[in-house]
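Biologist: Could you take me through this model and tell me what the labels are based on? I'd like to see the cut-offs too.

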Amino acid sequence: GAQSIVNGMNPFAATALAFLGGMSAGLVTGILHTRLKIPALLSGILTMIALYSVNLRIMGKANLSLLRMETVYSGFETLGMAKSQAVMLLGFICVMGLVGILYWFFGTEIGCAIRATGNNPQMARAQGINTDNMIILGLVISNGMVAMSGALIAQSQSFADVQMGIGSIVIGLASVIIGEVLFGKRNFFNRLLSLVMGAITYRVIIALVLRMGMPANDLKLFTALTVAVALSLPVMRSYLGPLKKSVKGGM
């Protein structure tokens, strides 16, 4: 996406191109996992390793500057908005749009088949669903959205770096867990919103910690601890449940 903008492509078209590139990466991961029977985690790792060289080949160097280049935020800036306001507004529009599209899509027959494959692949196969195709389709869609997010981030930061996506999986995991723990998962639409709120909550926590004076060098350590605590919250709740009942019974 960044290379396309540097070469003069319309930023919205470049972002769409990044989406297609991400879908291609998801397709490769899906084929490695379903057709070649490589474990899911290892398939993703292999694709990421290959993409490092692919990105270097496309970009031509380790990083690209987008300063003074037209981006998807330029139109908002011409209206008098600051860059940060434009990023927040367009980000809100994209997130709400994606939530609406995903809610509609996962209510269709194909979407329900993907959800069934994720919940119980054995039962899904018993119902005649081709789980391999559903896994590939899920990876294609998710990787496309990840690539589009990367394109938007690169344009908001005015530069693209070949290493800027490293470690994002940990942030995504923390956002998912925090969202489900704090905002619940009563229904599918609520789960989608909890993912959004979890991501916002995670970023707010990081911003507050940095504002309180934590050295930036310790940010990775704090991120790891945050993810560990978020992952352990369900277990802690299961321990606290019987403890609360015993305390009430004793009273």
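Modeller: Here is a chat about some labels and the values behind them.

Modeller: Quick housekeeping: this is a predicted model, where local features need pLDDT of at least 70, side-chain atom pairs count only at pLDDT 80 or more, and totals for chains, interfaces and linings use all residues. Residues are numbered from 1 along each chain as its sequence is written, and side-chain values use heavy atoms, with hydrogens and water left out.

Biologist: Fine. How many helices and strands does the protein have?

Modeller: There are 11 helices and 2 strands. Those are DSSP runs, numbered from the N terminus: H or I with at least four residues for helices, E with at least two for strands. Along the sequence the pattern reads α-α-α-β-α-α-α-α-α-β-α-α-α.

Biologist: Why is asparagine 190 called buried?

Modeller: Buried means under 20% relative accessible area, exposed over 50%, and partly exposed in between (1.4 Å probe, protein chains only). Asparagine 190 has 13%, so it is buried. This residue sits in helix 10 (residues 188–211). Leaving aside neighbours within four places in sequence, asparagine 190 is in contact (heavy atoms within 4.5 Å) with Phe183, Gly184 and Lys185.

Biologist: And what makes valine 196 count as buried?

Modeller: Its relative accessibility is 18%, so valine 196 counts as buried. Valine 196 is found in helix 10 too, and, sequence neighbours within four places aside, touches Val95 and Val99. Valine 99 is 97 residues away along the chain, yet the two C-alpha atoms are separated by 8.8 Å.

Biologist: Is cysteine 112 buried, exposed or partly exposed, and why?

Modeller: Its relative accessible area is 37%, so cysteine 112 is partly exposed. You'll find cysteine 112 in helix 6.

Biologist: How do you know that helix 6 and helix 8 are roughly perpendicular?

Modeller: Axes are lines fitted to C-alpha atoms, for helices over the stretch in contact, with angles from 0 to 180 degrees between N-to-C directions. Under 35 degrees counts as roughly parallel, over 145 as roughly antiparallel, 65 to 115 as roughly perpendicular and the rest as oblique. The axes of helix 6 (residues 109–119) and helix 8 (residues 131–157) cross at roughly 100 degrees and come within 9 Å. Helix 6 and helix 8 are therefore roughly perpendicular to each other.

Biologist: Which residues make that contact?

Modeller: Helix 6 brings Ile110, Ala113, Ile114 and Thr117, while helix 8 brings Thr131, Met134, Ile135, Leu137 and Gly138.
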